[in-house]
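Here are my notes on the model you passed along. Have it open while you read, and check each point against the view.

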Amino acid sequence: MQSHRSDSIKQAVSAVRQNHLKLRQAAREYGVPKSTLFDQLTQRKKGTDGQRKGYSHVLAVEEEQALVSYVEYMASQGFPFTRAILRCYIREIVRRSGNLIFPIFH
């Protein structure tokens, strides 16, 4: 994902809010993707506390690092993980850790 300079985003948001430009025009003029500008204007991807929405981390940092190492090792041996296999591994790690709060894998 390409990062965009925050000053360009702020200027584009300001232009739209002050009715100087429409969203598409501001996106084009300031070089900001329309979706990014829309998200900034509507706060669509943020919760009421200003934090991003979504699930919290399922795995501890150490568990995630160990899983990444294992996935990379298996791929180097000619056995790349599919998304389904990776989900099974994550589900099992979560089950064994007792952290069963992540409903997407059930």
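The points below go through the aromatic residues, the cores and the salt bridges.

1. First, some ground rules. This is a predicted model, where local features need pLDDT of at least 70 and side-chain atom pairs count only at pLDDT 80 or more, while totals for chains, interfaces and linings use all residues. Numbering runs from 1 along each chain as its sequence is written, and side-chain values use heavy atoms, with hydrogens and water left out.

2. Start with the nonpolar surface patch of about 370 Å², made by Tyr 70, Tyr 73, Ile 85 and Tyr 89. Patch members have over 30% relative accessible area and no salt bridge; like charges are joined within 9 Å, and nonpolar side chains (Val, Leu, Ile, Met, Phe, Trp, Tyr) within 5 Å. Areas are from the Shrake-Rupley method with a 1.4 Å probe, and for residues only the protein chains shown count as cover. Helix 4 (61-76) and helix 5 (83-97) each supply at least two of the patch residues; helices here are DSSP runs (H or I, at least four residues), numbered from the N terminus.

3. How accessible are the tyrosines? Tyr 73, in helix 4, has a relative accessible area of 47%, so it is partly exposed. The scale is: buried under 20%, exposed over 50%, partly exposed in between. Tyr 70 is partly exposed too, at 32%, and so is Tyr 89, at 35%.

4. There are three aromatic pairs in the structure. In one of them, the ring centres of Tyr 70 and Tyr 89 are 5.8 Å apart and the planes sit at 45 degrees, so this pair is tilted. To pair, rings of Phe, Tyr and Trp (its six-membered ring) need centres within 6.5 Å; planes under 30 degrees apart are stacked, over 60 edge-to-face, and the rest tilted. The pair links distant parts of the chain, with Tyr 70 in helix 4 and Tyr 89 in helix 5, 19 residues apart.

5. Tyr 89 has another partner: with Phe 81 it makes a tilted pair, 4.9 Å centre to centre and 35 degrees between the planes. Phe 81 is buried, at 18%. Tyr 70, Phe 81 and Tyr 89 together form one aromatic cluster.

6. Which residues make up the largest nonpolar core? There are ten, including Ile 9, Val 13, Leu 21 and Leu 37. A core is a set of buried Ala, Val, Leu, Ile, Met, Phe, Trp, Tyr and Cys residues joined through side-chain atoms within 4.5 Å. Helix 1 (6-17) and helix 2 (23-30) each supply at least two residues, and helix 1 gives the most, with five. Apart from this core lies another, of five residues, among them Val 58, Leu 67, Ile 90 and Val 94.

7. Ile 93 is in helix 5 and partly exposed, at 23%. Beyond its neighbours within four places in sequence, Ile 93 is in contact (heavy atoms within 4.5 Å) with Leu 59, Glu 63 and Leu 67.

8. Finally, the two salt bridges, meaning a side-chain nitrogen of Lys or Arg within 4 Å of a carboxyl oxygen of Asp or Glu. Arg 95 bridges to Glu 92, with the closest N and O atoms 2.5 Å apart, and Glu 92 also meets Arg 96 at 2.7 Å, N to O. Arg 96 is exposed, at 66%, whereas Glu 92 is partly exposed, at 29%.

How values were computed: Buried means under 20% relative accessible area, exposed over 50%, partly exposed in between (1.4 Å probe, protein chains only).
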